[in-house]
Amino acid sequence: DAYRRYDYGHVAHTLMTFANVELSAFYFDIRKDALYCDAPSSARRRAALATVREIFGALTRWIAPILPFTAEETWTSAGYDTSVHLELFPEIPAAWRDDDLAAAWDKVKRVRRVVLGALEVERREKRIGSSLEAHPVVTIEDPALLAAANATDFADVTITSAITLKEGAPEEGAFTLPEVPGVGVTIGRAEGRRCARSWKVLPEVGADPRYPDLSPRDAAARAEIDGAA
């Protein structure tokens, strides 16, 4: 619609907000661990790759009219042998819109916001360096928020090595945010050793004697790669 109105400022703002807020600061930030560290055969990694390909195809086509040379270089670098400027904007399947799922993830993002705030305080006070050194304990008063967080791998969502979710009122001294009432976070240290591949701090690091510096997930991935080689 903005292109039809020749409102290129709106196009640029919408696409940059999507790229920076939804992709870079959220989806890519969370999923890079699976993309980098899961085994090549991993269903989670393959699903993420398929999603990234869909995002790439849509975003490159959408931005092509206002960044023609950059979009063309990006398109051909991905192996396409035709010009992006001969492509149509993608038809996004209506079934991909899931309002219930979006509402659930809005709840997850609210809880995540509090955890990220607590982690930032810990980094600022130099009690941790990376978020992967942390084991947050998250107390959530609202059962709906707790259920939404529990329905995800919330340690992955918060980019921590471990996490504990429990129901109840925030404990005294816990980190809270006024805009997310009823959620409190205390930060402990993750137990174990740091995986040399994923940098997660886990007690299981070294469980596979073939790879004494790796977590079981990363050892299995490394074994698969080495076997393929």
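**Overall layout.** I started by reminding myself that this is a predicted model. I then went through the secondary structure and found seven helices and six strands. Reading along the sequence, I wrote down the order as α-α-α-α-β-α-α-β-β-β-β-β-α. For the extent, I noted that the C-alpha atoms fill a box of roughly 55 × 50 × 35 Å along the principal axes.

The chain has 229 residues, and I found 34% of them buried. I also looked at contacts with a sequence separation of 6 or more: 61% of these join residues 24 or more positions apart.

**Surface and charge.** My tally of charged side chains gave 28 positive and 35 negative, and the centres of the two sets lie 3 Å apart.

**Largest nonpolar core.** Which residues touch the most other members here? I got Val111, Val138, Ile140, Phe154 and Val183, out of 24 residues in this core. Among the elements giving two or more residues to it are helix H1 (8-37), strand E1 (134-140) and strand E4 (180-189). Helix H4 (99-124) is on that list too, and H4 brings the largest share, six residues.

**A closer look at Ile140.** Leaving out residues up to four places away in sequence, I found Ile140 touching Val111 and Val183, and also Leu145, Leu146, Ala149 and Leu165, among others. Its partners also include Lys166, Glu167, Gly168 and Gly182.

**Second core.** I also found a separate core of nine residues, including Tyr3, Val11, Ile63 and Ala64.

Methods: Residues are numbered from 1 along each chain as its sequence is written. This is a predicted model: local features need pLDDT of at least 70, side-chain atom pairs count only at pLDDT 80 or more; totals for chains, interfaces and linings use all residues. Side-chain values use heavy atoms; hydrogens and water are left out. Helices (H or I, at least four residues) and strands (E, at least two) are DSSP runs, numbered from the N terminus. Buried means under 20% relative accessible area, exposed over 50%, partly exposed in between (1.4 Å probe, protein chains only). Contact means heavy atoms within 4.5 Å. Lys and Arg count as positive and Asp and Glu as negative; His and the chain ends are not counted. The place of a charge is taken as NZ of Lys, CZ of Arg, CG of Asp or CD of Glu. A nonpolar core is a set of buried Ala, Val, Leu, Ile, Met, Phe, Trp, Tyr and Cys residues joined through side-chain atoms within 4.5 Å.
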